[in-house]
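Here is a short briefing on a protein model. Look through the sequence and the structure first, then read the points below.

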Amino acid sequence: MVSETPEEAFVESIKATYPDAIISAEVLRPKRVSVVVKRDHFLEIAKSLKDEFGFTHPVSGGALDYPRENRMRMIYYLMNPESRFMLTYGVDLSRDDLKLSSMTSVWEAISFHEREAHEMFGISFEGHPNMVPLLLPPDWKGGHPLRKDFKGEGVEE
Amino acid sequence: MTEPVIEPDIMRISWGPQHPMSGQTRIIIDVDGEKVHRIIADLGFTHRGIEKILEKRTFLQGIIPMERMVMADTPNIGLGYVMAVEEVLGIEVPERANWIRSLLCEMARINSHLYAFGLQAESTGYFPAVFLWTTIDRAVILDLFEELTGARWSLNFFMPGGVHNNLPEGFEDKVVKGAQYLRKRFEDYWEAMVENAVFEMRCNDVAVLKPEDAIRLGATGPVLRGSGVAMDVRKDEPYAAYADIDFEVVTESACDVMARTKVRYREIVQSLNMMEQIACEMPKGPIRKKVPLFARSKAGEALSRVETARGELGVHMFTDGGMNPYRVKINSPTLRNMYVFERLAELDELLVADVPVVINSIDPWYLDSDR
């Protein structure tokens, strides 16, 4: 029998634990694992990723805009200090309802990255302790710059 | 009659945004007398929208804005982008090109750490001479860069498929000579600065970051290794030629400012060894695969990770089949360490005079955190 890598073992294990909540879980290449979950189970799985699967080291977070499909994807980059592979933990949001529970209750260091996603994409994170702009000026009125339909500061949409 | 509770008088000091030690940012320090009550990092003064710019450029054009993230460390930053492009376009790199990449990356790491080391000396207020020494000595590295690439700072030397030029004749010998010279100079640094009693007083047991806190707060690079956690992308998933190069992951167990300074010092020594090894064992062969100027990608994604001087850089590139990336997410090392810096005021007792020492111990580069 071919011995399985930590990445494959993780994917099988998380699929077995949350069969209904996971949209996709795959090993993209060695050291890269991608998991996409349903929004309703997003925080619950995040907690178990930290407590049971050992992803104690938060790396980053960011979003992606797909206006044609009317959705956005929020991605969190997480690392397990033992097995050392990069997990991208994604969740899809409808562009009409850009609300997500804040991940800061699980990994507090995600704070900066959620503030950035908030100003750049307009996703609101419920329960975030300090939702002020991170990079843009406090009086910025130009919209959300990293959205695909952003036309420039001061341009009315 | 009970005594009235005296609320601590909190005073707010704004440090910056005009160049507080290094780069443009504002550090807000709430102090209670001399004690630091809270630190707030007000970032964004140098936000240039690199992620948005990259969406509008072809894969090849993107190298130039990307490298502007950290001028002292352009090869490492550029390599993160180039590796992501190579993965989405499916390009293999010749072995010699990988070795040249590793050579430049290590030289840039020395250059960047020298700057950090000099600033650390300056920030204590006692060693302006060491800052001048490091500035003079980094010219050795910059001269080598100039001879190879024509540029001293922003090299733009890596491209998808390899590197721009071959090494000039006799370049390997000059690399070995430069490494030997720097190693000799480094003994002076150790005696003049690291072992100096004044420097020890300013840095020992200041801003202690325990290993579990470093992991929990997402620290990276020398900050994480200064807390005794041996995490280094070069070892965890070797890229370029690092699988064939001998080096050890430097860690220090003291977890304080001194530990982070020592990690940088010892990493420079490791990099000098690597420079010599690469110069002696450089394989022969082609330096570049031919790649079309306007390459078209398939729809997909690639996440590359490289260890820059400040820590792990991640470039997550999404493509939709066009000639430019659909989205590039840059996981910047300084942004992660700035969060750690904010929390340090709560984890350890800091005095207001410690703040410059502490912020230099995380080696911030605000162009990197702001992108």
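In chain B, 23 residues are in contact with 22 residues of chain A (contact means that the C-beta atoms, placed from the backbone, lie within 7 Å). This is a predicted model, in which local features need pLDDT of at least 70 and side-chain atom pairs count only at pLDDT 80 or more, while totals for chains, interfaces and linings use all residues. Residues are numbered from 1 along each chain as its sequence is written, and chains are lettered from A in the order in which they are written.

**Side of chain B that touches chain A**
- Among the elements that each supply at least two residues to this side are helix 1 (50-55), strand 7 (311-320) and helix 12 (333-347) of chain B; helices (H or I, at least four residues) and strands (E, at least two) are DSSP runs, numbered from the N terminus.
- Strand 8 of chain B gives the most, with three residues.

**Helix 5 of chain B**
- Helix 5 covers residues 128-149 of chain B.
- Helix 5 of chain B bends by about 30° at Val140(B), the bend being the angle between axes fitted to the seven residues ending there and the seven starting there.
- After helix 5 of chain B comes Gly150(B), with a positive phi near 90°.

**Helices 6 and 11 of chain B**
- The axes of helix 6 and helix 11 (residues 257-281) of chain B come within 9 Å and cross at roughly 160°; axes are lines fitted to C-alpha atoms, for helices over the stretch in contact, and angles run from 0 to 180 degrees between N-to-C directions.
- Helix 6 of chain B is therefore roughly antiparallel to helix 11 of chain B (angles over 145 degrees count as roughly antiparallel).
- Residues making this contact include Val175(B) and Phe186(B) of helix 6 of chain B, and Tyr265(B) and Leu272(B) of helix 11 of chain B.

Terms used
Expected span 1.5 Å × (residues − 1). Parallel < 35°, antiparallel > 145°, perpendicular 65-115°, else oblique. Contact = placed C-beta atoms within 7 Å.
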